Amino acid sequence: MAQEKRIVVIGGVAAGATAAARAKRLDATAKVTIVEAGRYVSFANCGLPYFVSRDIEKRSELILQTPEGFMARYGVEVLLNTRAVGIDRAARTIAVAGPDGQASIPYDSLILAQGGSPFMPPIQGIEADHVFRLWTIPDMDAVHKFIGERSPAHALVVGGGFIGLEAAEAFVERGLSTTVVELTPHVMPPADAEFGAMIGKAFAASGATVITGRSVKSLRPGVATLDDGSEVPADLVLVSAGVKPNTELAKSAGLTIGASGGLVVDEHLRTSDPHIWAAGDMLEIVNRVSGKPTRVPLAGPANRQGRIAATNALGGSMRYAGAVGTSVFKAFDHTFAMTGLSEKAALAQGIDARAVAVHRGHHVGYYPGAEEISLKLVYEHGTGRLLGAQAFGKFGVDKRIDVAATAIAGSLTIDDLAELDLAYAPPYGAANDPINMAAFVAQNDESGYAPIVSAAEALKLAQAGAATIVDVRTNGDRRKLPVDAGVHIPLDELDWRIDEVPAGPLLLLSRAGYESHIALRKLVTAGRTDVRNITGGALSLSLAPGFVPGSN
Ligand SMILES: Cc1cc2nc3c(=O)[nH]c(=O)nc-3n(C[C@H](O)[C@H](O)[C@H](O)COP(=O)(O)OP(=O)(O)OC[C@H]3O[C@@H](n4cnc5c(N)ncnc54)[C@H](O)[C@@H]3O)c2cc1C
């Protein structure tokens, strides 16, 4: 009888639990063992903030499996509270330290799924007992207990990425006066500045205080001191300042680590050792848009990588194409989502990227309940290839971003997006969905029919006196969002006031970019050449870095 294959998985949450279950499904005769340092296997870390907020009331809902359940359902052995402390690649064994002391476990194939750990910045006082992180069930329990027992009045969240913001929302929901301090110029650093501004505004509107461009220097009970010497009340502090991959074990075993700090794997998720595969947050993977190595510490990629790693550890040859990097996040009654490259990331990578912005109803305006979605598409100039998308709004944000994520995976262009047949009836969308509309704007720019300029660039040009903003909004729209413009000529008066349009480069401004598009065509027809439409209009301009509300 052939000897059973021994598969050992280090780490038993998203990637590890998936890999182990898949391995056993593929080969029921294999002996599959999960080695997990923590107290829980397969728990829902993504749900932790929603237990703190009390949206999820039952703690047990977050614990998706137990060692007994894993054995009964999948036949997988789970060793909890057991840390892998060494890998002997020649002997194909791992050394573990657990409740029964040290042991050695042999493997034929090893899968590393050790995830990452929260980065704790060097802040004086960070070890104090009112300072927490939110990474595991015990972390969540500690925060929940502290709120219940100490009734803190003021929470401080250090770091305005998605986990920090989810925690901040939970604290607001629990009635704590909450401050978020973010080092970079806006919250949600991977997003472009205007979306960071929208998210920051949603938090401020819901009662949180958002401080950007500052760092926390020291903590003492009740008070945090920032780098400018100012103080913030902080009875409870939650640190969420980034994730570092858990690669110490892999490093000490001599496996190759990439420039991003993640563990290097090939397209089959095999490490530099032919008997060791890996999956999840600890990896360096290929960004599917840029083709460059990167880290994407998110649950979706981790689960799918776990499935592929297990398949290949059992002799398969499944390929991992890389991640697009799609995420979605709840900001009180709004949603932000993004996929692919932001405009700033695309430009930083030397890609000739362009971006368009539209602000449109999530369904037609005449059907009750329409809410505005702000949607940005980033694409490659020349080829029109979609590089990324970001969206913010109350409804329908995830739908648009999932369409964009699928489009990126299929290497679609803005021409393809312009032609997409998307589901439409008045309660759900519009005959031209915001995705179609944004693609139309991009097509018009690429063809030269209606050139655009980004709101940030327009602001810089106008402030430097290099171009004149011509505001074509109605007086009513101008009052709602004052912008200092060189000239104001409402669109409906443009035909007979065209002589008042100044000479030189023009940047046309309307509420969201639509009326200014019509104005642009009128001016071009009248012989003007250096005319561009500010994409996203005054709504985008008001979110651009350096914007100062006008006096009109
Ligand atoms: C609060 C929070 C909210 C999140 N929300 C979302 C979300 O909404 N959407 C999303 O896509 N992602 C979200 N994530 C991220 C997502 O949870 C991770 O991307 C995912 O869990 C990564 O899976 P993983 O298996 O690689 O690592 P993990 O889930 O971190 O599991 C790794 C496991 O390995 C164990 N381990 C490490 N070293 C050893 C060792 N030497 N021996 C034994 N065991 C070891 C650890 O104890 C750990 O349990 C969230 C994360 C957190 C913390």
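Buried means under 20% relative accessible area, exposed over 50%, and partly exposed in between, with a 1.4 Å probe and protein chains only. The exercises below concern a predicted model, in which local features need pLDDT of at least 70, side-chain atom pairs count only at pLDDT 80 or more, and totals for chains, interfaces and linings use all residues. Residues are numbered from 1 along each chain as its sequence is written, and side-chain values use heavy atoms, with hydrogens and water left out.

**Exercise 1. Classify Asp 495 and Lys 522 by accessibility, and state which contact their side chains make.**

Step 1. Asp 495 has 53% relative accessibility and therefore counts as exposed.

Step 2. Lys 522 has a relative accessible area of 27%, so Lys 522 is partly exposed.

Step 3. A salt bridge is defined as a side-chain nitrogen of Lys or Arg within 4 Å of a carboxyl oxygen of Asp or Glu. The side chains of Asp 495 and Lys 522 meet in such a bridge, at 3.1 Å from N to O.

Step 4. Asp 495 belongs to helix H15 (residues 494-497) and Lys 522 to helix H16 (residues 514-525), so this pair ties together parts that are 27 residues apart in sequence. Helices (H or I, at least four residues) and strands (E, at least two) are DSSP runs, numbered from the N terminus.

**Exercise 2. Determine how many salt bridges the model contains, and examine the pairs Arg 400 with Asp 433 and Arg 473 with Asp 471.**

Step 1. The count under this rule comes to 26 salt bridges.

Step 2. One of them joins the side chains of Arg 400 and Asp 433, at 2.7 Å from N to O. The pair links distant parts of the chain, 33 residues apart: Arg 400 is in helix H10 (residues 397-409), and Asp 433 is in the loop between H11 and H12. Arg 400 and Asp 433 are both buried.

Step 3. Arg 473 forms a salt bridge with Asp 471, and their closest N and O atoms are 2.9 Å apart. Arg 473 is buried because its relative accessible area is 3%. Asp 471, at 0% relative accessibility, also counts as buried.

Step 4. A network of salt bridges links Asp 192, Glu 194, Glu 343 and Lys 376.

**Exercise 3. Trace the strand pairings that involve S32 and S33.**

Step 1. Two strands pair if DSSP finds at least two bridges between them.

Step 2. Strand S30 (residues 468-471) pairs with S32 in the parallel sense over 4 bridges. Val 470 has Leu 508 as its bridge partner in S32.

Step 3. Strand S32 (residues 506-509) runs parallel to S33, and 3 bridges join them. Within this pairing, Leu 506 stands opposite Val 531, while Leu 508 has Asn 533 as its bridge partner.

Step 4. Strand S29 (residues 452-453) is also parallel to S33 (residues 531-534), with 2 bridges between them. Here the bridge partner of Ile 452 is Asn 533.

Step 5. Side-chain directions complete the description of S32: Leu 506 and Leu 508 point one way, Leu 507 and Leu 509 point the other way, and all are buried.

Step 6. Arg 511 lies in the loop between S32 and H16. At 31% relative accessibility, Arg 511 counts as partly exposed.

**Exercise 4. Identify the surface patches that include Glu 419 and Tyr 424.**

Step 1. Patches are made of residues with over 30% relative accessible area and no salt bridge; like charges are joined within 9 Å, and nonpolar side chains (Val, Leu, Ile, Met, Phe, Trp, Tyr) within 5 Å. Lys and Arg count as positive and Asp and Glu as negative, while His and the chain ends are not counted. A charge is placed at NZ of Lys, CZ of Arg, CG of Asp or CD of Glu. Accessible areas come from the Shrake-Rupley method with a 1.4 Å probe; for residues, only the protein chains shown count as cover.

Step 2. Glu 419 gathers with Asp 415, Asp 416 and Asp 421 in a surface patch of negative charge. Glu 419 is placed in the loop between helix H11 (414-418) and helix H12 (434-446), and its 62% relative accessibility makes it exposed.

Step 3. Tyr 424 also has its place in the loop between H11 and H12. At 36% relative accessibility, Tyr 424 counts as partly exposed. Together with Tyr 366 and Tyr 367, Tyr 424 forms a nonpolar surface patch with about 350 Å² of accessible area.
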